[in-house]
Amino acid sequence: MLANDSNMTPDQQPEIYQLLAQHQGTLRGYILSLTADPNVTNDVLQEANLVICKKGDDFVLGTNFLAWACRIAYFEVLRHRATSKRDKLVFDDSLIEQLSEESEGEGEQYAARKHALRHCLEQLGKHNQQLVSQRYFEGLPLEQIAKERNTNANALAQVLYRLRQQLMGCIERITVDHKKV
């Protein structure tokens, strides 16, 4: 669909699309930090995705895709802002620039914490992994999980609290060690 809009080599197209899909959540978060409006964020993200696909041949594989994509998104935010000056709440350019600078590093930090969470989850036993998955990934109610496991919901809440504390400590250790490198 977008391949006709791009000058990328056929070998580069799938990699750009894969990188774009991989960083979609972080890119959306970055745009949201600049617009503060989920509806505007969705519009700008869509436009940014189109520009990223069209300009995919400008990206040098092996460099920082997220930084490149965030720069494109930043200019799309400015373009959207220029076309919607009639709205009541409009941030000035200096505020947008400041928010952009503060948010760019957060995407990498988010990705590092997400990677650390995966690693830390793997360190839990299978029983605890399943418990965390049921509660936080599947969104099952605590009472339902307790009933399935023939245990008290309060006791299960305490176990989940300790697991969250353990995961937070593990994530902090990994991300602090990563920053030192």
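Tutor: Let's start with a tool: an axis is a line fitted to C-alpha atoms, for helices over the stretch in contact, and angles run from 0 to 180 degrees between N-to-C directions. Helices (H or I, at least four residues) and strands (E, at least two) are DSSP runs, numbered from the N terminus. This is a predicted model, where local features need pLDDT of at least 70, side-chain atom pairs count only at pLDDT 80 or more, and totals for chains, interfaces and linings use all residues. Residues are numbered from 1 along each chain as its sequence is written, and side-chain values use heavy atoms, with hydrogens and water left out.

Student: At what angle do the axes of α2 and helix α4 cross?

Tutor: Two packed helices are described by the angle between their axes and the distance between the axes. Here, the axes of α2 and α4 (residues 65–83) cross at roughly 35° and come within 10 Å.

Student: Which residues of α2 and α4 make the contact?

Tutor: Contact means heavy atoms within 4.5 Å. From α2 you get Thr26, Leu27, Tyr30, Ile31, Leu34 and Thr35, and from α4 Leu66, Ala69, Cys70, Ala73, Tyr74 and Val77. By class that's 10 nonpolar, two polar and no charged. Nonpolar covers Ala, Val, Leu, Ile, Met, Phe, Trp, Tyr, Cys and Pro; charged covers Asp, Glu, Lys and Arg; the others, Gly among them, are polar.

Student: How do the axes of α2 and α3 cross?

Tutor: Helix α2 (residues 24–35) and helix α3 (residues 38–54) have axes that come within 9 Å and cross at roughly 125°. That makes α2 oblique to α3; under 35 degrees is roughly parallel, over 145 roughly antiparallel, 65 to 115 roughly perpendicular, and the rest oblique. The α2–α3 crossing is right-handed. Its residues split into nine nonpolar, five polar and one charged.

Student: And how do α3 and α4 cross?

Tutor: Their axes come within 9 Å, crossing at roughly 125°, so α3 is oblique to α4. The crossing of α3 and α4 is right-handed, with 11 nonpolar, one polar and three charged residues in the contact.

Student: Which residues line the second largest pocket?

Tutor: A pocket is found on a 1 Å grid over the protein atoms alone, as an open set with protein on both sides within 12 Å along at least five of seven lines; lining residues have an atom within 4 Å of a point. For the second largest pocket they are Gln22, His23, Gly25, Thr26, Tyr110, Ala111, Lys114, His115 and Arg118. Helix α5 gives the most, with five residues.

How values were computed
A crossing is left-handed if the near helix is turned anticlockwise from the far one by less than a right angle, and right-handed if clockwise. On a 1 Å grid over the protein atoms alone, a cavity is a set of points where a 1.4 Å probe fits but cannot get out, and a pocket is an open set with protein on both sides within 12 Å along at least five of seven lines; lining residues have an atom within 4 Å of a point.
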